[in-house]
Amino acid sequence: MNYIQRMEHWGDTHHPQWVDIIRMAFGIFLFWKGIEFANDMNTLMQMMAGLPFGNFMMIILAHYVLFAHILGGFLLVAGLLTRLACIIQIPVVLAAIFLNIFEQFSELSLSILTLILLVYFLIIGSGRWSLDWYINKDYTERNTASQR
């Protein structure tokens, strides 16, 4: 068993069910942030104006932020590909923390809490109230039935 499989197994066996409610609420929050950024794209572009990239690269980065928050938030709510959703979100949140350190400290604590939750769900996984669990449960039931 390699390290990633051991981490997934540990996360699946040590996952309290009440954490699933936090995962779903956290996913709704990230999805909402993505919608908020989509509605106010000018603010996002102004935040990234200080970066040493060209306009085309800034547009690509802005769309990556939208994609990461909207799709990642939806995946976290559904509990589908939770670890992948967290991996997609982490660079965006790290950039938000880095930009907030040199700006005002307005949302720095919220960004740090978001990063902590992303790393937590990256390790612990999606839990029992998720589409991943139902898919894996169905798959293991079919596998054990075919082996009989």
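Predicted model: local features only at pLDDT ≥ 70, side-chain atom pairs only at ≥ 80, totals over all residues.
Residues are numbered from 1 along each chain as its sequence is written, and side-chain values use heavy atoms, with hydrogens and water left out. Local features need pLDDT of at least 70 and side-chain atom pairs count only at pLDDT 80 or more, whereas totals for chains, interfaces and linings use all residues.

The protein contains seven helices and zero strands, where helices (H or I, at least four residues) and strands (E, at least two) are DSSP runs numbered from the N terminus. Of its 148 residues, 33% count as buried; buried means under 20% relative accessible area, exposed over 50% and partly exposed in between, with a 1.4 Å probe and protein chains only. Among contacts between residues at least 6 apart in sequence, 72% join residues at least 24 apart, a contact being heavy atoms within 4.5 Å.

Helix α2 (residues 18-39) and helix α4 (residues 55-78) have axes that come within 7 Å and cross at roughly 155°. Axes are lines fitted to C-alpha atoms, for helices over the stretch in contact, and angles run from 0 to 180 degrees between N-to-C directions. The two helices α2 and α4 are therefore roughly antiparallel; angles under 35 degrees count as roughly parallel, over 145 as roughly antiparallel, 65 to 115 as roughly perpendicular and the rest as oblique. The crossing of α2 past α4 is left-handed, a term used if the near helix is turned anticlockwise from the far one by less than a right angle, with right-handed used if clockwise. Residues of α2 including R23, F26, L30 and F37 meet residues of α4 including V65, L66, I70 and L76. By class, this contact of α2 with α4 has 15 nonpolar, four polar and two charged residues. Ala, Val, Leu, Ile, Met, Phe, Trp, Tyr, Cys and Pro count as nonpolar, Asp, Glu, Lys and Arg as charged, and the others, Gly among them, as polar.

Helix α2 also packs against α6, at an angle of about 130° and with the axes 12 Å apart. That angle makes α2 oblique to α6. Here too α2 passes α6 in a left-handed crossing. On the α2 side V19, I22, R23, F26, F29 and L30 take part, meeting L110, T114, L117, L118, Y120 and F121 in α6. The contact of α2 with α6 has ten nonpolar, one polar and one charged residues.

The largest nonpolar core has 16 residues, and F26, L76, C86, L118 and F121 have the most contacts inside it. Such a core is a set of buried Ala, Val, Leu, Ile, Met, Phe, Trp, Tyr and Cys residues joined through side-chain atoms within 4.5 Å. Helices α2, α4, α5 (82-102) and α6 (108-124) each supply at least two residues of this core, and its largest share, six residues, comes from α6. Not counting residues up to four places away in sequence, L76 touches R23, M24, F26, G27, L30, T82, A85, C86 and L118. Another core, of six residues, lies apart from it and includes F37, V65, A68 and I88.

L75 is found in helix α4 and counts as buried at 9% relative accessibility. Leaving aside neighbours within four places in sequence, L75 is in contact with L80, T82 and A85. L81 lies in the loop between α4 and α5 and counts as partly exposed at 44% relative accessibility. Phi of L81 is near 55°, a positive value in a residue other than glycine.
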